[in-house]
Amino acid sequence: MAIISDFQEEENETHTKVTAPPSESSSSLKAEKKNVTVEEDKGKIAGSKLVPNKGNGLDLEKYSWTQSLQEVNIVIPVPAGTKSRDVVYEAKAKHLRFGLKGQTTPIIDGDLFQSIKPDECLWSIEDQSAVSILLTKQNQTDWWKALVKGDPEIDTQKVEPEPSKLSDLDSETRRTVEKMMFDQRQKQMGRPTSNEMQQQELMKKFMEQHPNMDFSKVKMMN
């Protein structure tokens, strides 16, 4: 009987250990694992292409930016009452730095996604609560994937230019812009541009007109 009792006591102790509530250390470990998982998920999101905002840019934690083919506009919230003398601004062809005096770390300090025309850039304080920066692109035929290198990138295939802006252009300029937009999308998808398609069509007609010639070494793009 004593042996059975000892066995029952050991079994009860084992059961008690299994059903006992988790200690603070185990709870902390689970919380840490959860935090790690969340950070990993954030990294995956940051590393993927994002859908652009309504202005074909992106809304970030410290600032938001929008773009057209010609310009990039940045809006940076600042403390109420900020004056122009409080602003630290430096725009170079391939680098942008912006911050406020007294702050150890600039709000923006990095290499731009593409080059700009510094002499045609400007900034202003809006309602003493935000700073607006206008950057003029050097290459005005491409959409930027990010403001500065290292920032989350947008999916430029989902960029949607405002129809009203295209309609304001004269017919010749509009055709040119639409052609550039088409060629940009074709390049992103690895397909021939409008000029390359035209060359292919001419080549096909030439081949049809000269069936006896050897065109085996001619490479045609798909």
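In the views below, Ala, Val, Leu, Ile, Met, Phe, Trp, Tyr, Cys and Pro count as nonpolar, Asp, Glu, Lys and Arg as charged, and the others, Gly among them, as polar.

**View 1. Overall organisation of the predicted model of the protein chain.** The protein chain holds five helices and eight strands, and, read from the N terminus on, its elements follow the order α-α-β-β-β-β-β-β-β-β-α-α-α. Of the 222 residues in the protein chain, 24% are buried. When contacts between residues at least 6 apart in sequence are considered, 51% of them join residues at least 24 apart.

**View 2. Confidence along the chain, with two segments where pLDDT stays under 50.** The mean pLDDT of the protein chain is 80, with 72% of its residues reaching 70 or more. Over residues 1-7, pLDDT stays under 50, and the model has zero contacts beyond four places in sequence for this segment.

**View 3. The largest nonpolar core, which comprises 29 residues.** Within this core, the residues that touch the most other members are Y63, W65, I74, F98, I108, L135 and L147. At least two core residues are supplied by each of the strands β3 (71-77), β4 (87-91), β5 (95-100) and β8 (130-136), and by the helix α4 (171-188).

**View 4. Surroundings of the core residue Y63.** Once neighbours within four places in sequence are left aside, Y63 is in contact with L58, with I74, V75, I76 and P77, with I107 and I108, and with L147, V148 and D151. Among these partners, I74, I108 and L147 are also listed with Y63 as core residues that touch the most other members.

**View 5. The second largest pocket, with a volume of about 230 Å³.** The lining is made up of L60, E61, K62 and Y63, of I107, I108, D109 and G110, and of V148, D151 and P152. By residue class, this lining divides into six nonpolar, one polar and four charged residues. Y63 and I108, both part of the lining, belong to the largest nonpolar core as well.

**View 6. Q184 in helix α4.** Q184 has a relative accessible area of 14% and is therefore classed as buried, the cut-off for that class being under 20%. Residues up to four places away in sequence not being counted, Q184 touches T141, D142 and W143.

Notes: Residues are numbered from 1 along each chain as its sequence is written. This is a predicted model: local features need pLDDT of at least 70, side-chain atom pairs count only at pLDDT 80 or more; totals for chains, interfaces and linings use all residues. Side-chain values use heavy atoms; hydrogens and water are left out. A nonpolar core is a set of buried Ala, Val, Leu, Ile, Met, Phe, Trp, Tyr and Cys residues joined through side-chain atoms within 4.5 Å. Buried means under 20% relative accessible area, exposed over 50%, partly exposed in between (1.4 Å probe, protein chains only). Helices (H or I, at least four residues) and strands (E, at least two) are DSSP runs, numbered from the N terminus. Contact means heavy atoms within 4.5 Å. On a 1 Å grid over the protein atoms alone, a cavity is a set of points where a 1.4 Å probe fits but cannot get out, and a pocket is an open set with protein on both sides within 12 Å along at least five of seven lines; lining residues have an atom within 4 Å of a point. Grid points are joined across faces, edges and corners, and a volume is the space filled by probe spheres set on the points. pLDDT is the predictor's confidence in each residue, from 0 to 100.
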